[in-house]
Amino acid sequence: MKELRLMKGNEAIAEAAIRCGADGYFGYPITPQSEVLEYLMAERPYEKTGMVVLQAESEVAAINMVYGGAACGKKVLTSSSSPGISLKQEGISYIAGAELPCVIVNVVRGGPGLGTIQPSQSDYFQAVKGGGHGDYRLIVLAPASVQEMADFVKLGFDLAFKYRNPAMILTDGVIGQMMEKVELFESQPRLTKEEILKQTPWATVGKTPDRERNIVTSLILDSAIQEQHVNKLRDKYIEIEKNEVRYEKIQCDDAEYLFVAFGSSARICQKAVDMGRAKGIKVGLLRPITLFPFPKQVLFELADQVKGILDVEMNLGQMVEDVRLAVNGKVKVEHYGRYGGMIPSPDEVLLALENQIIGGK
Amino acid sequence: MSENITKESIIKEENCVYKRTNLLVDKALSYCPGCGHGTAHRLLMEVLEEMNIQSETIGIAPVGCAVLAYEFLDIDMQQAAHGRAPAVATAVKRLMPEKFVFTYQGDGDLAAIGTAETIHACNRGENITIIFINNGIYGMTGGQMAPTTLPGMKSSTSPYGREVETMGNPLKMTELVAQLPGTYYVTRQSVHTPGNVRKAKKALRKAMENQKLNKGLSFVEIVSNCNSGWKMTPVQSNKWMEENMFPFYPLGDIKVPVE
Amino acid sequence: MAKVKGEIVINIERCKGCVLCVAACNEQVIAMSKEVNGKGYHYAETVNENCTGCTNCAVLCPDGVITVYRVKI
């Protein structure tokens, strides 16, 4: 049954995990995402759906538990925040190499180092360009509301299993901590053993006489075969780029200027669009929902329409590189950022548009 | 009567008293001549065969010489990141509690980089079996000092012998985990003589059987040789192991279940 | 006491010549060959007929190359 609730973004992640029939969550506390683990521990989903929830000894252990669970064809997830996600990178690389489906949530806080517990978007590069070692990509979803926090857990799993690839939900402390109305989707049961055998015939669930043994590994010592494997990954990423680009266009039809922003920055820019429009500035917003695959084509097309683009991020300028690549020099692209846990206001974003793009050279 | 017994009359299927288990894949093991890994692999597969649990067992391979264990063991297996096998095994067992789950790890994997995962899996009392091959050296990477390298023992990164003042002391992981309430059965074995092989097999059997009881983690250390890393012949390395390793790592049960 | 007689069959191409079986045999049945196998190892071979089928060699062999047969006589 669908249900309307007022909840925190982090809680929505947890509730959505239970509702989408997840088999296991493995996590480690870190601000500002500890509510995910706390909510799950309080809910005791094991008694309702059989979902396992475990507080691991570290983020390193947690991501390797995800590896183990995913290799059994189970629907498993973990969540953390920036320093913890850095610790998980080794495991994420192994998961990508072994082509295991799972969901990883990063409720980003400002860095580098231990940084601050306040919100940031400074892990864009880490999420979108790989993060760990080797040639790989994550599917990266960027929610901009508590509603999307819930919905993207389900979407993340669907895409992860469709492509046998880890999916990351890249959010931040704003969305993780804020409370909003959320319409929770209907609960779906966990997969049965038979369904798992059908969905993931490669899973390590015990070798039966009717098949060869299943091996989950990311080790390929023969370089020629390793190259073939990377080619296979590349083809998969191309397929994902072809099929799975998601974005939201807000007031773009007649726009002369464009904001590009994801997640909580997009929420701020949306307000700035309204304020700009009230002042007579024809400004729109393109909000990438998938950061990988990045909405290159729509940006390439919008570049023919608008006079300038302001990329707004809570970082020194990371996604702006992808915006510039997509626009390919057709129009001016500038970055406006606040960082270190600071959040820009709609006024300052609009002012930045006026100064850097409209009035700028 | 005995004159009538020919070689051919003895070598018949019905007279076979020992052969390589079919649960070992029919290919040459990648280990050096005389390495205890091969023996440990075989014993483990014999145990699974005798328990008839091939289809219910999931193994976790480490990083180290046994990284390719999945090439030789005819069961479903996962290859874990360095040191993380107990965390991987934890999830496998929690998500499929009806299965038998083991990790197979060397000393670098289990007692250095994976110390936290080892201790916490033991302390949580995960209902799994950890098999710990301790040869006091990093074999795969070419004979570097391990957490279990003995004082004075030479390796490529302790070329003048391990100096405990600067390089620290060898770590007795098995004694350490025996202290934890989550471990149910903790033992140290070897596979360097036929008698020890038979004892080690019994220990492995017990460790796997224990998973049916749901009472905690079974931990089997096998003190083994690394004749390549130790730069000895296999026969010499086994003798050296008896004279040097066993005094520091004494064989026998360390923690046995109270019936 | 019933007497037994054994025989072993060695998969010489899989033998790595580690010599552990030689010392494990109480009857000195096994010695290393002068020839080498395809991998260049001097492999284990039987040199007398004193085998009792005790299985010690096979149990110890790290590569599992020895199969043991035994009959009562």
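Visitor: Which residue is the bridge partner of B:Cys16 in strand 4 of chain C?

Guide: That's C:Tyr69. Keep in mind that this is a predicted model.

Visitor: What makes strand 1 of chain B and strand 4 of chain C a pair?

Guide: Pairing takes at least two bridges. Here 2 bridges join strand 1 of chain B to strand 4 (residues 66–72) of chain C, so the two count as paired, and they run antiparallel.

Visitor: What is the strand order in the open sheet?

Guide: The order is 1(B)-4(C)-1(C), 3 strands with antiparallel pairing. Strand 1 (16–18) of chain B and strand 1 (4–10) of chain C each have a single partner strand, so they stand at the edges with one side lacking a neighbour in the sheet. From one strand to the next, the twist averages 35°.

Visitor: On to chain A. Which domains does the assignment give?

Guide: Domain 1 covers 3–194 and domain 2 covers 249–358. Their contact takes 28 residues from domain 1 of chain A and 24 residues from domain 2 of chain A.

Visitor: Why is the meeting of A:Arg267 and A:Glu180 called a salt bridge?

Guide: The cut-off is 4 Å from a side-chain nitrogen of Lys or Arg to a carboxyl oxygen of Asp or Glu. These side chains meet at 2.4 Å, N to O, which is within that limit, so the name applies.

Visitor: How many salt bridges are counted between domain 1 and domain 2 of chain A?

Guide: The count is 3. Across that interface there are also 17 residue pairs in polar contact.

Definitions and conventions
Residues numbered from 1 in each chain as written. Chains lettered and ligands numbered in written order. Predicted model: local features only at pLDDT ≥ 70, side-chain atom pairs only at ≥ 80, totals over all residues. Heavy atoms only, no water. Helix = DSSP H or I, 4+ residues; strand = E, 2+ residues; numbered from the N terminus. Axes fitted to C-alpha atoms, helices over the stretch in contact; angles between N-to-C directions. Domains from an automatic or database assignment. Contact = heavy atoms within 4.5 Å. Polar contact = N/O pair within 3.5 Å; in protein donor to acceptor, adjacent residues only side chain to side chain.
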